[in-house]
Amino acid sequence: KMTQQMRDLQLAQARKPPGPSSPNAAKRLYRNLSGKFRVNYTSFDEGGLAGRSEKEKLRKSYLIQSNAALFEAVELQDLDRVQELLKQYSPEELDLNTPNSEGLLPLDIAIMTNNAPIAKALLQAGAKESPHFVSLESRSLHLSTLVREAEQRVNELTAQVVNEAPNADCSEKEKQLKAWEWRYRLYKRMKAGFEHARVPDPPSNVHLSVASSSSVHVTFWEPLSVNSAVVTKYKVEWSCSPAFAPPLGEAVIDKLKNLHFTIRGLVSGTAYYVQVSAYNMKGWGPPQSSVPPFAIPSNWREYDGRAPRRRGQAEALDQLLSQVKTVHQHCVCHEPCKNQPQSRKHSVSKSLKHLFHPGSKFLKTLKRGLYLTAVFYKDDNILVTHEDQIPVVEIDDTYSCLLMQDFLWFTKVSCMWDEVLWLRQCVTVSQSSCSCILQTRFKMLLAASQMQGLLGIQDLGQVFFEPIKDKQGNILIVTLKEVKTNQTFESVRWVPICKLQTSRKSVSSPEEPTALDTLLITVQDKLAYHRRSSHALSPGLYLGYLKLCSAVDQIRVLVPERLPNILCHVKIRSNPNISREEWEWLQKMVSMDEPVPTEPEADTSQNHLFQELQVAIKELMTLLNIPLQEAKDFRLYSQEVLDFGGQVSFLLLLPPSDDVCTAPGQNNPYTPRSGFLTLPLQIFELGKKR
């Protein structure tokens with residue numbers, strides 16, 4: 001029996017030297033005592049650890065102590081210490097769900113003393129209730145036994161302390177008495193907490209939405225009442241009947257970090273009712289029906305049977321590229337330039353020899369022409385040559401004007417750096433008058449190959465959306481790449497960016513900086529742009545704003561600086577799916593002549609979308625500095641929902657038709673606040689593909 005074990009341990013402890021007599025010391029003493037009732041980890045491990053290192057033995061011992069420390073922190077209601085231990089150790093290292101000798105887990109102690117903050121911290125870490133409590137009666141009997149035996153032990157120790165003369169043994173028994181008195185009060189408090197508890201109230205804000213053609217998603221909050229015991233799990237039930245007779249299925253949620261659940265494997269077009277109930281140590285509380293009361297699995301494409309626009313496109317493009325490569329393997333352009341004039345053949349041959357010649361190296365200064373630079377960065381460091389220069393190679397020293405179409409073509413090359421050699425072979429350079437563009441692009445590919453060879457890496461990164469120009473006639477195309485691993489490069493080394501900026505000696509005036517000086521001055525801004533352009537949106541449905549402006553040779557699109565690879569946007573909701581019913585309502589709304597449509601019925605998915613859209617439009621108008629009264633002239637793009645990977649989808653808000661694209665010289669009627677920029681449309685499209 002537990003009482004006999006305590007007596008045996010008392011005799012063993014009496015032989016040890018006396019310790020401190022403070023109340024805290026008494027509690028720690030009890031922890032040492034009660035720790036011996038738990039599973040005897042040491043005895044289990046002695047045989048298995050015989051051949052293991054002393055370091056592993058010490059770690060085992062340390063983890064056992066951390067388990068004891070967690071029990072003590074929960075019993076003393078020390079939230080900070082509990083959080084510290086949960087952060088420092090994994091649940092397995094803490095033996096979070098291994099009962100002690102009293103059949104209790106840390107979570108049992110927290111919920112029966114009604115310490116909600118500690119209980120929630122344990123639950124989020126994956127804590128469970130003791131499996132010994134299979135019913136209310138078994139829990140009540142177990143607590144009564146703990147209280148009775150603790151009380152009996154207090155009485156025995158009290159009698160011994162009173163009857164024995166003062167000595168070392170008596171002092172040790174006084175410490176044990178204090179520990180047992182504290183333990184007795186703890187058990188009584190746990191028993192009272194259990195007896196006064198009641199089943200939990202229903203969960204609050206139970207919301208049901210359509211997740212796909214075969215699933216629905218339910219979200220909910222904790223019960224509003226704070227007078228009941230801590231909720232340790234929830235149950236989601238679903239049925240085709242509003243009376244749940246019969247129920248089709250249920251799921252128990254005991255991981256309470258996120259209160260939501262997706263019901264999968266449902267039949268499209270069938271109505272499903274959902275309810276959620278909460279559980280605590282007194283049992284299951286009453287269920288709460290969802291709002292809306294039912295949902296019908298569907299997708300907006302079912303409205304007109306439309307197939308995904310991008311289905312099979314990636315595979316088709318890969319197949320097309322493979323076919324083009326096969327054809328070009330036997331193309332005349334792959335023959336050793338036999339049809340070209342001798343002078344041109346010599347020039348190309350010389351260029352190719354120069355590429356692999358040991359003398360090929362990075363440039364130190366720029367002389368009126370077109371150049372390529374590669375900015376590789378890692379944390380706050382940047383890759384430079386041994387002369388502390390950002391790597392630069394020449395494209396064309398006679399090219400003083402970069403055509404936008406050539407630049408945009410080169411940005412597409414950045415999507416296939418591994419194919420630069422093959423592209424060079426495919427670009428036929430001739431002496432005809434129409435080959436000027438091809439000659440420029442051929443030189444761009446040569447420069448890219450040279451940069452790859454000098455750095456010893458194929459992927460040069462992403463092309464910055466605009467080249468750097470200076471008044472000396474230099475044009476600098478910039479590529480950006482973040483290095484996340486310990487990668488080795490040739491002929492270059494890492495230096496802190498701030499050190500490079502402060503140590504470089506400029507050869508130009510502040511009024512007319514060279515392209516290289518401008519790059520160094522603005523490198524932090526370019527790196528920030530590159531980092532932000534790789535960020536992804538969290539899953540959900542968004543409202544995007546499409547605004548274009550045109551120039552002589554390009555069209556630009558308005559994007560936020562904080563996320564330049566996405567249109568200006570606000571989040572509508574976390575569920576990216578638009579159901580068939582919602583899409584049908586949207587189609588009716590945009591086809592009406594009245595600017596303000598009739599509000600849909602309450603407690604329907606259409607009504608929830610209507611309210612969410614109202615909030616999102618107001619937020620977007622404020623973000624873009626557009627007067628709210630002007631929103632009546634804006635239109636919702638109703639041809640399709642823009643789908644990005646199944647986890648992110650967009651509804652588009654369009655300005656009046658005359659203002660969608662601002663022409664050169666035309667005043668923009670809506671001037672966005674700071675924090676926006678315009679990107680060439682082709683650059684924006686490439687950003688979406690990355």
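At what angle do the axes of helix H13 (residues 404-413) and helix H15 (residues 436-455) cross, and within what distance do they come? In this predicted model, the two axes cross at roughly 40 degrees and come within 11 Å. Because angles under 35 degrees count as roughly parallel and 65 to 115 as roughly perpendicular, helix H13 is classed as oblique to helix H15. The crossing in which H13 passes H15 is right-handed. On the H13 side the contact is formed by Gln405, Asp406, Trp409, Phe410 and Val413, which meet Ile437, Thr440, Arg441, Met444, Leu445 and Ala448 of H15. Sorted by class, the residues of this contact comprise seven nonpolar, two polar and two charged.

Confidence in the model was considered next. The pLDDT of the chain averages 81, and 80% of the residues score at least 70. Over residues 1-51, however, the pLDDT is below 50, although this stretch has 76 contacts in the model beyond near neighbours in sequence. Residues 334-359 likewise have a pLDDT below 50, and for this stretch 25 contacts are found beyond near neighbours in sequence. Where pLDDT is low, the predicted coordinates should not be read in detail.

A further helix pair is provided by helix H18 (residues 580-591) and helix H19 (residues 605-623), which pack at an angle of about 60 degrees with their axes 9 Å apart. This angle makes H18 oblique to H19, and the crossing of H18 past H19 is right-handed. The residues that meet are Glu581, Glu582, Trp585 and Leu586 in H18 and Ser605, Gln606, Leu609, Phe610 and Leu613 in H19. Five of the residues in this contact are nonpolar, two are polar and two are charged.

Aromatic pairs number 13 in the structure. One of them is formed by tryptophan 585 and phenylalanine 610, whose rings lie 5.8 Å apart from centre to centre, with 90 degrees between their planes, in an edge-to-face arrangement. Since tryptophan 585 lies in helix H18 and phenylalanine 610 in helix H19, the pair ties together parts that are 25 residues apart in sequence.

Leu79, Val82 and Leu86 of H5 make the contact together with Pro117, Ile118, Ala121 and Leu122 of H8. The residues of this contact are seven nonpolar, with no polar and no charged residues.

Local backbone geometry was then inspected in and between the strands. The peptide bond that leads from alanine 245 to proline 246 is cis, with omega near 0 degrees, and proline 246 is located in the loop between strand E3 (233-239) and strand E4 (249-253). Valine 291 and proline 292 are also joined by a cis peptide bond, for which omega is about -5 degrees; proline 292 lies in strand E8 (residues 288-295). Aspartate 379, although it is not a glycine, has a positive phi of about 55 degrees, and this aspartate is found in the loop between strand E9 (370-378) and strand E10 (381-385).

Methods: Residues numbered from 1 in each chain as written. Predicted model: local features only at pLDDT ≥ 70, side-chain atom pairs only at ≥ 80, totals over all residues. Heavy atoms only, no water. pLDDT = per-residue confidence, 0-100. Contact = heavy atoms within 4.5 Å. Axes fitted to C-alpha atoms, helices over the stretch in contact; angles between N-to-C directions. Helix = DSSP H or I, 4+ residues; strand = E, 2+ residues; numbered from the N terminus. Parallel < 35°, antiparallel > 145°, perpendicular 65-115°, else oblique. Left-handed = near helix turned anticlockwise from the far one by under 90°. Nonpolar A, V, L, I, M, F, W, Y, C, P; charged D, E, K, R; others polar. Phe/Tyr/Trp six-rings, centres within 6.5 Å; stacked < 30°, edge-to-face > 60°.
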